[in-house]
Amino acid sequence: MSERTTTSGVPAARSGAASRAARSGAPAYAAKFAAPFAVLGIRTAGSTLTGIQYLPLTERAQAPTDAIAERACRQLERYLADAQFRFTLPLAPSGTPFRRRVWDALSTIPVGESRTYGEMARQLATAARAVGGACGANTIALVIPCHRVVGTHGALGGFMGVTAGDPIAIKRWLLVHEGYRFGR
(Lines give C-alpha, C1' and ligand atoms only; values in the text may rest on other atoms or scores of the structure.)
Protein backbone atom coordinates (compact mmCIF):
# COMPACT_ATOMS: atom_id res chain seq x y z
CA MET A 1 0.00 0.00 0.00
CA SER A 2 1.51 3.34 -0.95
CA GLU A 3 1.28 6.19 1.49
CA ARG A 4 -0.48 9.37 0.50
CA THR A 5 0.74 12.65 1.96
CA THR A 6 -0.84 16.01 2.47
CA THR A 7 0.57 19.09 0.76
CA SER A 8 2.73 19.67 3.83
CA GLY A 9 4.26 16.19 3.51
CA VAL A 10 2.49 14.74 6.55
CA PRO A 11 1.41 11.14 5.93
CA ALA A 12 -2.32 10.88 5.35
CA ALA A 13 -2.63 7.18 4.59
CA ARG A 14 -5.48 5.31 6.20
CA SER A 15 -5.20 1.91 7.74
CA GLY A 16 -7.58 -0.79 6.59
CA ALA A 17 -9.65 -0.23 9.72
CA ALA A 18 -9.75 3.52 9.14
CA SER A 19 -10.82 3.04 5.52
CA ARG A 20 -13.58 0.66 6.59
CA ALA A 21 -14.69 3.16 9.25
CA ALA A 22 -14.82 5.95 6.69
CA ARG A 23 -16.94 3.83 4.33
CA SER A 24 -19.30 2.81 7.12
CA GLY A 25 -19.76 6.38 8.35
CA ALA A 26 -18.06 5.61 11.68
CA PRO A 27 -15.32 8.04 12.74
CA ALA A 28 -11.79 7.01 11.69
CA TYR A 29 -10.51 8.22 15.06
CA ALA A 30 -11.81 7.88 18.59
CA ALA A 31 -10.60 11.48 19.11
CA LYS A 32 -8.64 14.20 17.39
CA PHE A 33 -6.58 16.18 19.87
CA ALA A 34 -5.25 19.63 18.88
CA ALA A 35 -1.63 20.12 19.92
CA PRO A 36 0.67 23.05 19.07
CA PHE A 37 2.56 21.01 16.45
CA ALA A 38 -0.20 18.83 14.91
CA VAL A 39 -3.63 17.39 15.48
CA LEU A 40 -3.26 13.93 17.01
CA GLY A 41 -5.59 11.29 15.57
CA ILE A 42 -6.26 8.80 18.37
CA ARG A 43 -7.36 5.24 17.65
CA THR A 44 -8.62 2.75 20.20
CA ALA A 45 -9.88 -0.80 20.31
CA GLY A 46 -11.76 -2.03 23.33
CA SER A 47 -9.81 -0.89 26.35
CA THR A 48 -6.50 -0.14 24.59
CA LEU A 49 -4.85 2.64 22.66
CA THR A 50 -3.92 1.30 19.22
CA GLY A 51 -2.69 4.40 17.43
CA ILE A 52 -1.75 8.04 17.51
CA GLN A 53 -1.12 9.65 14.16
CA TYR A 54 0.15 13.15 13.42
CA LEU A 55 -2.43 14.96 11.30
CA PRO A 56 -2.17 18.44 9.75
CA LEU A 57 -2.96 21.42 11.95
CA THR A 58 -5.85 22.15 9.59
CA GLU A 59 -7.72 19.05 10.84
CA ARG A 60 -10.61 19.78 13.17
CA ALA A 61 -10.45 18.53 16.74
CA GLN A 62 -12.90 15.77 17.63
CA ALA A 63 -14.19 15.00 21.11
CA PRO A 64 -13.33 11.54 22.47
CA THR A 65 -15.85 8.83 21.68
CA ASP A 66 -14.74 6.35 24.36
CA ALA A 67 -13.07 6.20 27.77
CA ILE A 68 -9.61 5.27 26.47
CA ALA A 69 -9.61 8.15 23.99
CA GLU A 70 -10.70 10.48 26.81
CA ARG A 71 -7.89 9.17 29.02
CA ALA A 72 -5.39 9.61 26.16
CA CYS A 73 -6.49 13.22 25.64
CA ARG A 74 -6.13 14.01 29.36
CA GLN A 75 -2.65 12.47 29.44
CA LEU A 76 -1.63 14.35 26.29
CA GLU A 77 -2.74 17.58 27.99
CA ARG A 78 -0.60 16.69 31.00
CA TYR A 79 2.40 15.93 28.75
CA LEU A 80 2.02 19.30 27.00
CA ALA A 81 1.90 21.05 30.38
CA ASP A 82 4.85 19.05 31.77
CA ALA A 83 7.22 17.14 29.49
CA GLN A 84 8.26 14.99 32.47
CA PHE A 85 4.78 13.46 32.62
CA ARG A 86 4.85 9.66 32.14
CA PHE A 87 2.09 8.11 30.04
CA THR A 88 0.19 5.25 31.69
CA LEU A 89 -2.05 4.19 28.84
CA PRO A 90 -2.83 0.56 27.96
CA LEU A 91 -1.10 0.17 24.59
CA ALA A 92 -1.72 -2.33 21.80
CA PRO A 93 0.68 -1.38 19.01
CA SER A 94 0.32 -3.26 15.76
CA GLY A 95 3.62 -4.50 14.37
CA THR A 96 6.03 -7.35 13.86
CA PRO A 97 7.85 -8.85 16.85
CA PHE A 98 11.02 -7.01 15.78
CA ARG A 99 9.25 -3.65 15.60
CA ARG A 100 7.66 -4.25 18.98
CA ARG A 101 11.11 -4.98 20.41
CA VAL A 102 12.39 -1.66 19.02
CA TRP A 103 9.34 0.19 20.36
CA ASP A 104 9.86 -1.35 23.80
CA ALA A 105 13.47 -0.13 23.72
CA LEU A 106 12.37 3.36 22.65
CA SER A 107 10.09 3.54 25.67
CA THR A 108 13.15 3.29 27.96
CA ILE A 109 14.80 6.47 26.61
CA PRO A 110 14.38 9.11 29.35
CA VAL A 111 12.71 12.45 28.66
CA GLY A 112 15.30 15.04 27.60
CA GLU A 113 17.69 12.40 26.31
CA SER A 114 18.16 10.80 22.94
CA ARG A 115 19.82 7.80 21.38
CA THR A 116 21.24 7.55 17.91
CA TYR A 117 19.99 5.00 15.43
CA GLY A 118 23.41 3.35 15.74
CA GLU A 119 23.21 3.16 19.54
CA MET A 120 19.77 1.61 19.33
CA ALA A 121 21.02 -0.84 16.69
CA ARG A 122 23.91 -1.96 18.90
CA GLN A 123 21.58 -2.33 21.89
CA LEU A 124 19.20 -4.50 19.84
CA ALA A 125 21.89 -6.33 17.82
CA THR A 126 20.53 -5.14 14.49
CA ALA A 127 21.21 -2.49 11.83
CA ALA A 128 20.60 1.25 12.21
CA ARG A 129 18.44 1.23 9.08
CA ALA A 130 16.20 -1.45 10.64
CA VAL A 131 15.80 0.71 13.74
CA GLY A 132 14.88 3.65 11.51
CA GLY A 133 12.31 1.52 9.71
CA ALA A 134 10.73 0.48 13.00
CA CYS A 135 10.67 4.11 14.17
CA GLY A 136 8.95 5.12 10.95
CA ALA A 137 6.35 2.38 11.42
CA ASN A 138 5.54 3.38 15.01
CA THR A 139 1.75 3.17 15.32
CA ILE A 140 1.52 5.03 18.63
CA ALA A 141 3.43 8.23 17.98
CA LEU A 142 4.55 10.41 20.87
CA VAL A 143 3.60 7.88 23.57
CA ILE A 144 6.15 5.46 22.08
CA PRO A 145 8.86 8.14 21.77
CA CYS A 146 10.49 7.49 18.39
CA HIS A 147 11.19 11.24 18.26
CA ARG A 148 13.99 10.63 20.79
CA VAL A 149 16.07 8.73 18.22
CA VAL A 150 18.41 11.03 16.34
CA GLY A 151 21.15 10.82 13.75
CA THR A 152 24.87 10.75 14.42
CA HIS A 153 26.33 13.76 16.27
CA GLY A 154 22.85 14.98 17.25
CA ALA A 155 21.50 15.49 13.72
CA LEU A 156 17.73 15.11 13.74
CA GLY A 157 17.75 12.27 11.23
CA GLY A 158 14.36 11.28 9.87
CA PHE A 159 10.87 11.29 11.27
CA MET A 160 7.68 9.71 9.97
CA GLY A 161 9.60 8.38 6.98
CA VAL A 162 10.98 11.72 5.76
CA THR A 163 14.02 13.90 6.40
CA ALA A 164 12.57 17.35 5.73
CA GLY A 165 9.37 19.38 6.05
CA ASP A 166 6.64 19.44 8.67
CA PRO A 167 7.46 16.06 10.26
CA ILE A 168 10.98 17.25 11.14
CA ALA A 169 9.47 20.42 12.64
CA ILE A 170 7.25 18.17 14.80
CA LYS A 171 10.28 16.14 15.94
CA ARG A 172 12.20 19.34 16.76
CA TRP A 173 9.19 20.75 18.69
CA LEU A 174 8.89 17.57 20.78
CA LEU A 175 12.61 17.43 21.55
CA VAL A 176 12.73 21.11 22.55
CA HIS A 177 9.61 20.62 24.71
CA GLU A 178 11.36 17.75 26.48
CA GLY A 179 14.48 19.82 27.15
CA TYR A 180 16.78 18.18 24.61
CA ARG A 181 19.83 20.32 23.96
CA PHE A 182 20.94 20.26 20.35
CA GLY A 183 24.64 20.08 19.49
CA ARG A 184 25.83 18.37 22.65
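This briefing describes a sheet, a helix, a loop proline and some aromatic residues in one protein structure.

The structure is a predicted model, in which local features need pLDDT of at least 70 and side-chain atom pairs count only at pLDDT 80 or more, while totals for chains, interfaces and linings use all residues. Residues are numbered from 1 along each chain as its sequence is written, and side-chain values use heavy atoms, with hydrogens and water left out. Helices (H or I, at least four residues) and strands (E, at least two) are DSSP runs, numbered from the N terminus.

**The sheet**

- An open sheet is formed by 3 strands in the order β1-β2-β3, with antiparallel pairing, where two strands pair if DSSP finds at least two bridges between them.
- Because β1 and β3 stand at the edges with a single partner strand each, one side of each is left without a neighbour in the sheet.
- From one strand to the next the twist averages 25°, with axes being lines fitted to C-alpha atoms, for helices over the stretch in contact, and angles running from 0 to 180 degrees between N-to-C directions.
- β1 and β2 pair over 4 bridges in the antiparallel sense, and in this pairing K32 stands opposite G41 in β2.
- β2 and strand β3 (residues 48-55) are joined by 7 antiparallel bridges, and L40 stands opposite Y54 in β3.
- The hairpin of β2 and β3 has 2 residues between the strands, and G46 takes a positive phi near 60° there.
- Of the 7 residues of β2, 6 are buried, a term that means under 20% relative accessible area, whereas exposed means over 50% and partly exposed lies in between (1.4 Å probe, protein chains only).
- Helix α2 (residues 67-81) lies across β1, β2 and β3 and runs at about 145° to β2.

**Two residues of the sheet region**

- P36 is located in the loop between β1 (31-34) and β2 (39-45), and, leaving aside residues up to four places away in sequence, P36 touches L57, L80 and W173, where contact means heavy atoms within 4.5 Å.
- Although P36 and I170 are 134 residues apart along the chain, their C-alpha atoms are separated by 9.2 Å.
- Q53, which lies in strand β3, counts as buried because its relative accessibility is 14%.
- The side chain of Q53 makes a polar contact with the side chain of Y29 (2.8 Å); such a contact is a pair of N or O atoms within 3.5 Å, and within protein one must be able to donate a hydrogen and the other to accept it, while residues adjacent in sequence count only if both atoms are side-chain atoms.

**Helix α4**

- In helix α4 (residues 117-124) the buried residues are Y117, M120, A121 and L124.
- Seen down the axis of α4, these buried residues fall within an arc of 100°, so they line one face of the helix; the arc is that of the directions from the helix axis to the C-beta atoms.
- The exposed residues R122 and Q123 are carried on the face of α4 turned away from its buried side.
- The cover over the buried residues of α4 includes α3 (97-106), β4 (115-116), α5 (128-136), β5 (149-150) and α6 (166-177).
- A125, which follows α4, has a positive phi near 55°.

**Aromatic residues**

- The whole structure holds 5 aromatic pairs, where rings of Phe, Tyr and Trp (its six-membered ring) pair if their centres lie within 6.5 Å, and planes under 30 degrees apart count as stacked, over 60 as edge-to-face and the rest as tilted.
- F85 and F87 form an edge-to-face pair, at 5.7 Å centre to centre and 85° between the planes, and F85 counts as buried at 12% relative accessibility.
- One aromatic cluster is formed by F37, Y54, F159 and W173.
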